[in-house]
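Subject: Structure handover

Hello,

Here is the structure I promised to pass on. My notes follow below it.

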Amino acid sequence: MKEIMPDEWTAWTKLPGRFSKTREGRARYDTTVYLAHDYQYLYFGIIANDDRGAMIGQRSVVQNDHMEYVIVRPDGAVYQFVADARGLLNLYVDNKAAPIPGKTVCRVKRTRGGPWMQFMAIPMEILKLDLQKRSASVRANVCRVRRGLHGEFTSWAPVGKKGFVSKEEAGEFVFDFNW
């Protein structure tokens, strides 16, 4: 996967609802999330609308505009992939920095003064799902952080006092393996 292909994403599942601010109110800019999977990967296609372009001037991934993909495995381990608008990636497992699995893919396309897009492919093997079942589910959230003067923290699933990585407050992804 060398190029971002948002036209392909429209055939994927679009996460319902709108991103909300983690504290209160509606997000200033919409974030559209598409989700797909096969036996090898969990795929995300992100369109992050913004009229100023992505803020990417910092060395640290978390100090730039970025997306966070939070997945609670069936064994309770929390995997938090943090990918900035440059395509740089960090992984935290149970809030501790961890090596990124070699098969993980992150690609970004930015437009001047417009949306930025991100493609993520997370290896299914790290999710520890029982792929022999017809369906499997995980607790999850997808979050966006906009930096700068009018920055904001937004997420797909509601977030409480524990922040993006809360096991209890995450939404749910259900994967159908009945092909």
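How much of the protein chain do buried residues make up? They account for 49% of its 179 residues. Buried here means under 20% relative accessible area, exposed means over 50%, and partly exposed is in between (1.4 Å probe, protein chains only).

Before the details, two notes on the source. This is a predicted model, in which local features need pLDDT of at least 70 and side-chain atom pairs count only at pLDDT 80 or more, while totals for chains, interfaces and linings use all residues. Residues are numbered from 1 along each chain as its sequence is written, and side-chain values use heavy atoms, with hydrogens and water left out.

**Overall build**

The protein chain has one helix and 13 strands. These are DSSP runs numbered from the N terminus: helices are H or I with at least four residues, strands are E with at least two. The chain exposes about 9,600 Å², with 48% of that supplied by carbon and sulfur atoms. That area comes from the Shrake-Rupley method with a 1.4 Å probe; for residues, only the protein chains shown count as cover.

**The sheet**

Five strands form an open sheet in the order S1-S3-S4-S10-S9, with antiparallel pairing. Strands S1 (13-14) and S9 (105-110) stand at the edges. Each has a single partner strand, so one side of each is left without a neighbour in the sheet. Two strands pair if DSSP finds at least two bridges between them. S9 and S10 (residues 116-123) pair over six bridges, in the antiparallel sense. Within that pairing, Cys-106 stands opposite Met-120 in S10.

**Aromatic rings**

The whole structure holds nine aromatic pairs. Rings of Phe, Tyr and Trp (its six-membered ring) pair if their centres lie within 6.5 Å; planes under 30 degrees apart count as stacked, over 60 as edge-to-face and the rest as tilted. One of the pairs is Trp-9 with Tyr-34, tilted, at 6.4 Å centre to centre and 40 degrees between the planes. Trp-9 is in helix H1 (residues 6-9) and Tyr-34 in strand S3 (residues 31-37), so this pair ties together parts 25 residues apart in sequence. Trp-9 is buried, at 1% relative accessible area. Tyr-34 is buried too, at 11%.

Tyr-41 and Tyr-43 make another pair. Their ring centres are 5.7 Å apart and their planes stand at 35 degrees, so this pair is tilted. Both residues are buried. Ring pairs link Trp-9, Trp-12, Tyr-34, Tyr-41, Tyr-43 and Phe-119 into a cluster.

**Salt bridges**

How many salt bridges are there? The count is five. The rule asks for a side-chain nitrogen of Lys or Arg within 4 Å of a carboxyl oxygen of Asp or Glu.

Asp-50 takes part in two that I would show you here. With Arg-144, its closest N and O atoms are 3.5 Å apart. Asp-50 lies in the loop between strand S4 (41-48) and strand S5 (66-72), and Arg-144 in strand S11 (residues 135-146), 94 residues apart. Both Asp-50 and Arg-144 are buried. Asp-50 also meets Arg-146, at 2.9 Å from N to O. Arg-146 is in strand S11 as well, so this pair ties together parts 96 residues apart in sequence. Arg-146 is also buried. Shared partners join Asp-50, Arg-144 and Arg-146 into one network.

Asp-84 and Arg-86 form a further salt bridge, with the closest N and O atoms 2.7 Å apart. Arg-86 is partly exposed, at 29%.

**Cysteines and one more residue**

There are zero disulfides, a disulfide being a pair of cysteine sulfur atoms within 2.5 Å. Cys-106 is buried at 12% relative accessibility, and Cys-143 is buried at 0%.

Last, Phe-153 sits in strand S12 (residues 152-155). Phe-153 is partly exposed, at 38% relative accessibility. Its C-alpha atom is 10.0 Å from that of Met-67, 86 residues away along the chain.

Best wishes
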